[in-house]
Structures are given as structure tokens and as C-alpha cells.
Amino acid sequence: MNKALAGFKVAILVTDGFEQVEMTEPKKELQAVGAEVFIVSPNNEKVKGWQHTKWGDEFAIDVNLEQASPQDYDALLLPGGVINPDKLRINDHAIEFIAHFVKNNKPIAAICHGPWPLINANGVKGHTMTSWPSLKLDLVNAGAQWVDKEVVVDDMLVTSRKPDDIPAFNEAMIKLFSQAPSK
């Protein structure tokens with residue numbers, strides 16, 4: 001089994017309403033290549049997914065956001081969904097957590113609406129990226145160049161548009177993460 005990311009620690013930052021498959025599938029792929037993956041959330045014990053048009057499953061939280069130290073992680077995964085990133089982008093702790101990865105040039109993978117809180121963390125200006133189409137204007141207004149592609153890698157940032165892009169997103173994310181130094 002390929003253990004390209006053995007010892008590599010990835011934080012998945014989510015709150016209720018994340019698009020479930022955009023968390024579960026990348027998490028599974030990261031674990032398959034040896035990464036240690038942690039669900040970080042402002043919630044206390046559990047977080048609830050969203051499955052396209054209805055509530056999904058509950059997942060145990062590994063670390064509460066207020067106790068999480070971004071220095072403990074090598075990379076960040078930001079799943080989409082509409083509710084999740086909208087809540088995270090107005091949470092000061094979440095923005096500070098994300099900003100650590102931006103400022104320290106640590107790899108970030110964001111899919112669908114996942115790039116939304118990156119705007120508040122000053123993480124999009126000057127980057128070429130993609131997202132769910134409704135975020136295009138927000139990203140452009142924040143200084144990003146938006147393109148409609150399955151997956152975009154720009155420096156230490158990988159972005160994708162939607163659940164259908166997950167296979168390409170996972171491949172690009174694992175490649176990017178494997179090229180980054182671990183702590």
C-alpha cells in the first residue's frame with residue numbers, strides 16, 4: 001500500500017452542513033496513503049453532514065476548533081456545502097485557523113463552496129482557482145482569477161468545483177500534499 005503521506009497530519013475544518021461526500025471521500029483517500037486526518041470543528045462532539053438536499057450523517061469531532069492549534073497540522077481540507085463555509089467564514093477562530101495555513105504557505109485543498117472562508121482569511125488574492133459557480137464573483141472581487149475547470153492547482157492551493165470532481169480533486173490534493181514538507 002502506498003504510504004506517501006505517512007506521518008502527515010491533515011485538519012478537515014467543518015461545521016454542520018458540509019457536503020458529506022466532499023469530506024468523506026477525500027478523508028478516505030488521505031487515510032489510504034497514510035495521512036493522519038482530524039475533523040476540527042467549532043462544534044463540541046459531533047458534526048452533521050449534508051447530502052445534496054437533505055441532512056446527512058453525524059461524525060465525531062476529533063478536535064474542537066478552540067483547542068486546535070494550526071501548527072499541529074501539515075495541511076488543511078475545506079469541504080463545501082453551502083451552510084458549512086457560510087458559518088465558518090464568520091467564525092473568527094475558523095478564519096484565524098485558516099489564515100495560519102495561508103500565511104505559512106501550507107497546502108490547502110478546497111472544493112465546491114469550500115473556498116468561501118479563504119476569502120475572509122486573505123487566501124485567494126493572486127491565485128487562479130475554481131469553485132462552485134456561485135462563488136465566482138466573490139472570488140474575483142477578492143482578487144482571484146476564477147476558471148471553470150475540474151481541478152486547479154496554484155502554488156499550495158488546490159480547488160475543485162463540485163462532487164463530480166472529487167476523483168480529480170483527490171488525486172491533485174494527494175500530489176500537492178506529498179510535495180509539501182511535514183512539520
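User: Is F101 buried or exposed?
Analyst: This is a predicted model, in which local features need pLDDT of at least 70 and side-chain atom pairs count only at pLDDT 80 or more, while totals for chains, interfaces and linings use all residues. Residues are numbered from 1 along each chain as its sequence is written, and side-chain values use heavy atoms, with hydrogens and water left out. Buried means under 20% relative accessible area, exposed means over 50%, and partly exposed lies in between (1.4 Å probe, protein chains only). The relative accessibility of F101 is 0%, so F101 counts as buried.

User: How are the rings of F97 and F101 arranged, and at what angle are their planes?
Analyst: Rings of Phe, Tyr and Trp (its six-membered ring) pair if their centres lie within 6.5 Å; planes under 30 degrees apart are stacked, over 60 edge-to-face, and the rest tilted. F97 and F101 are four residues apart in helix α3 (residues 92–103), so about one helical turn separates them; helices (H or I, at least four residues) and strands (E, at least two) are DSSP runs numbered from the N terminus. The ring centres of F97 and F101 are 5.4 Å apart, and the pair is tilted because the planes stand at 55°.

User: Which residues form one aromatic cluster with F97 and F101?
Analyst: F97 is buried, with a relative accessible area of 2%. F97 and F101 belong to one aromatic cluster, and its other members are F38 and Y73.

User: Which charged residue has its end over the ring of F101?
Analyst: A charge sits over a ring if NZ of Lys or CZ of Arg is within 6 Å of the ring centre and within 35 degrees of the ring normal. At 5.2 Å from the centre of the F101 ring, the charged end found over this ring is that of K106.

User: What angle lies between the ring planes of W50 and W55?
Analyst: The whole structure holds six aromatic pairs. One of them joins W50 and W55, with 4.9 Å from centre to centre. This pair is edge-to-face, and the angle between the planes is 85°.

User: What is the area of the nonpolar surface patch that includes W55?
Analyst: Patches are made of residues with over 30% relative accessible area and no salt bridge, where like charges are joined within 9 Å and nonpolar side chains (Val, Leu, Ile, Met, Phe, Trp, Tyr) within 5 Å. Accessible areas come from the Shrake-Rupley method with a 1.4 Å probe, and for residues only the protein chains shown count as cover. W55 is partly exposed, with a relative accessible area of 42%. Together W55, V82 and I83 make a nonpolar patch of about 260 Å².

User: Over which ring does the charged end of R89 sit?
Analyst: The side chain of R89 also meets that of D86 in a salt bridge (2.8 Å, N to O). R89 is partly exposed, with a relative accessible area of 24%. At 3.9 Å from the ring centre, the charged end of R89 sits over the ring of W116.

User: Which residues are linked with R161 in a network of salt bridges?
Analyst: R161 lies in the loop between β12 (157–160) and α6, and it counts as buried at 17% relative accessibility. Its side chain meets D148 in a salt bridge of 3.0 Å, N to O. D148 is exposed, with a relative accessible area of 51%. The network links R161 with D148 and D165.

User: What is the phi of N105?
Analyst: Most residues other than glycine have a negative phi. N105, in the loop between α3 and β8, is not a glycine, yet its phi is positive, at about 50°.

Notes: A salt bridge is a side-chain nitrogen of Lys or Arg within 4 Å of a carboxyl oxygen of Asp or Glu.
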